[in-house]
Amino acid sequence: MNKGIFKESLENISKKLFSEHAEIILELIGDSSGIYALYDDNELYYVGRASNLKRRINQHLKDRHDSQWTHFSLFLIKRDDYIGDLESLLIRIAEPVGNRVKPRGRDSKQME
């Protein structure tokens with residue numbers, strides 16, 4: 001049995017590939033929650049968490065971040081217990097420019 005925290009991951013998906021094959025990619029994601037990263041070329045731009053990654057990535061195609069990223073990675077989480085802590089840790093270590101606020105940690109109930 002796999003004891004890790006991630007069920008699956010999709011990494012380095014370009015915005016172009018996503019727009020051309022969104023239906024397939026969204027089907028793979030399903031209703032999963034997890035951590036996602038938006039990149040501008042080779043630079044990490046934004047880290048976030050979502051209870052519904054499918055909806056959240058679609059939102060980032062239309063919000064203030066849309067023109068700021070070229071590709072993304074998704075990490076589907078097995079259990080949401082520590083998703084807030086994980087997001088907070090990643091943002092505090094990497095300090096992505098797109099994250100205006102540094103989260104304090106475990107408040108999984110406030111995921112988007």
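Buried, as I use it here, means under 20% relative accessible area, with exposed meaning over 50% and partly exposed in between (1.4 Å probe, protein chains only). Helices are DSSP runs of H or I with at least four residues, strands are runs of E with at least two, and both are numbered from the N terminus.

This is a predicted model: local features need pLDDT of at least 70, side-chain atom pairs count only at pLDDT 80 or more, and totals for chains, interfaces and linings use all residues. Residues are numbered from 1 along each chain as its sequence is written, and side-chain values use heavy atoms, with hydrogens and water left out.

I start with helix 3. Helix 3 spans residues 53–60, and its buried residues are Leu-53, Arg-56, Ile-57 and His-60. They sit on the same side of helix 3, because they cover an arc of only 95° around the axis; the arc is that of the directions from the helix axis to the C-beta atoms. The cover over these buried residues includes helix 1 (15–20), helix 2 (22–29), strand 2 (34–40), strand 3 (43–50) and strand 4 (71–77). At the N-terminal end, Asn-52 caps helix 3, with a side-chain oxygen 3.2 Å from the backbone nitrogen of Lys-54.

Two of those covering elements next. Ile-24 is in helix 2 and counts as exposed, at 54% relative accessibility. From Ile-24 to Ile-57 is 14 Å, C-alpha to C-alpha, and 33 residues in sequence.

Ala-37 belongs to strand 2. Is Ala-37 buried or exposed? Buried, with a relative accessible area of 6%. Leaving aside residues up to four places away in sequence, Ala-37 touches Leu-44, Tyr-46, His-71, Phe-72 and Ser-73, where contact means heavy atoms within 4.5 Å. Its C-alpha atom is 8.7 Å from that of Phe-75, 38 residues apart along the chain.

Now helix 4, residues 83–94, which contains Glu-87. Glu-87 counts as buried because its relative accessibility is 9%. With residues up to four places away in sequence not counted, Glu-87 touches Ile-35, Val-47, Gly-48, Arg-49 and Pro-103.

Last, a pocket. The residues lining the second largest pocket are Lys-3, Gly-4, Ile-5, Ile-77, Lys-78, Arg-79, Asp-81, Tyr-82, Ile-83 and Leu-86. On a 1 Å grid over the protein atoms alone, a pocket is an open set of points where a 1.4 Å probe fits, with protein on both sides within 12 Å along at least five of seven lines, and lining residues have an atom within 4 Å of a point.

Conventions: A polar contact is a pair of N or O atoms within 3.5 Å; within protein, one must be able to donate a hydrogen and the other to accept it, and residues adjacent in sequence count only if both atoms are side-chain atoms.
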